[in-house]
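Thank you for making time this morning. I would like to walk you through one structure, beginning with the ligand and then moving on to the protein around the rest of the chain.

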Amino acid sequence: MSDDDHAVPVFVLATANPDKTTEIAAILGQGVALRPRPSDVPEVVEDGETLLDNARLKARALVEATGLPAIADDTGLEVDALGGRPGVYSARYAGEDATYADNVDRLLEELGGVPDARRGARFSTVALAAFPDGSEVAAEGVVEGTIADEARGAAGFGYDPVFVPAEGDGRTFAEMTPDEKHALSHRGRAFRSLADRLGVDQAP
Ligand code: IMP
């Protein structure tokens with residue numbers, strides 16, 4: 001723990017996903033001190049019906065295990081032409097052990113032949129801070145966009161190579177710098193809003 005940690009609130013990060021960890025740390029900046037998830041805490045079964053349920057399950061498990069405030073997030077990609085799927089099942093879309101590439105391939109396959117005008121989609125993230133006294137603060141972030149015809153770009157993770165945000169310039173999230181993605185993204189919006197509600201500084 002550095003001396004600076006005493007000046008800002010400390011949270012354990014519930015995610016073990018290094019891609020999400022990097023993004024959350026970059027978005028929150030120096031306003032909070034993030035502790036990594038202890039490796040001996042077992043994976044939480046994400047069997048909630050909503051993003052909020054799953055974010056709460058993950059954050060609460062870390063509060064129980066560490067006695068510290070914890071931050072978790074849960075994200076879903078809702079595709080209009082698929083009736084909102086994969087949604088809360090985004091991580092397991094192509095099967096239990098699906099890789100990011102497997103999920104992207106399945107999405108492109110399912111949307112084969114769907115015209116551009118009907119490829120609307122959105123990412124939603126719920127970011128949640130849970131405290132040892134049982135209280136919590138939650139915030140949601142949404143970004144509207146479309147699913148590209150093919151994967152483009154190597155940055156980011158998950159479905160980034162096929163997601164084109166509506167407020168962007170036609171590039172997928174995977175073709176953007178991290179800062180460009182965070183400025184528009186579901187996770188950027190959710191965590192900036194969470195930081196706001198927690199009253200923490202968002203200095204870079
Ligand atoms: P999680 O439940 O928050 O871990 O997210 C579920 C799945 O959504 C992940 O496994 C990724 O495939 C996908 N996902 C989450 N966040 C992003 C993102 O920022 N870009 C692209 N895909 C994402």
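**The ligand and its surroundings**

A polar side-chain atom of D160 lies 2.7 Å from a nitrogen atom of the ligand, which falls under what I call a polar contact, a pair of N or O atoms within 3.5 Å. Before I go further, please keep in mind that this is a predicted model, in which local features need pLDDT of at least 70 and side-chain atom pairs count only at pLDDT 80 or more, while totals for chains, interfaces and linings use all residues. Residues are numbered from 1 along each chain as its sequence is written, and side-chain values use heavy atoms, with hydrogens and water left out.

Which residues come nearest? Of the 15 residues around the ligand (a heavy atom within 4 Å), they are K20, D160, K181, H186 and R187. By class, this shell has 5 nonpolar, 4 polar and 6 charged residues, with Asp, Glu, Lys and Arg counted as charged and Gly among the polar ones.

**A salt bridge**

E46 forms a salt bridge with K58, the closest N and O atoms being 3.4 Å apart; the term asks for a Lys or Arg side-chain nitrogen within 4 Å of an Asp or Glu carboxyl oxygen. Because E46 lies in the loop between β2 (33-35) and α2 (51-66) and K58 in helix α2, the pair ties together parts that are 12 residues apart in sequence.

Methods. A polar contact is a pair of N or O atoms within 3.5 Å; within protein, one must be able to donate a hydrogen and the other to accept it, and residues adjacent in sequence count only if both atoms are side-chain atoms. Helices (H or I, at least four residues) and strands (E, at least two) are DSSP runs, numbered from the N terminus.
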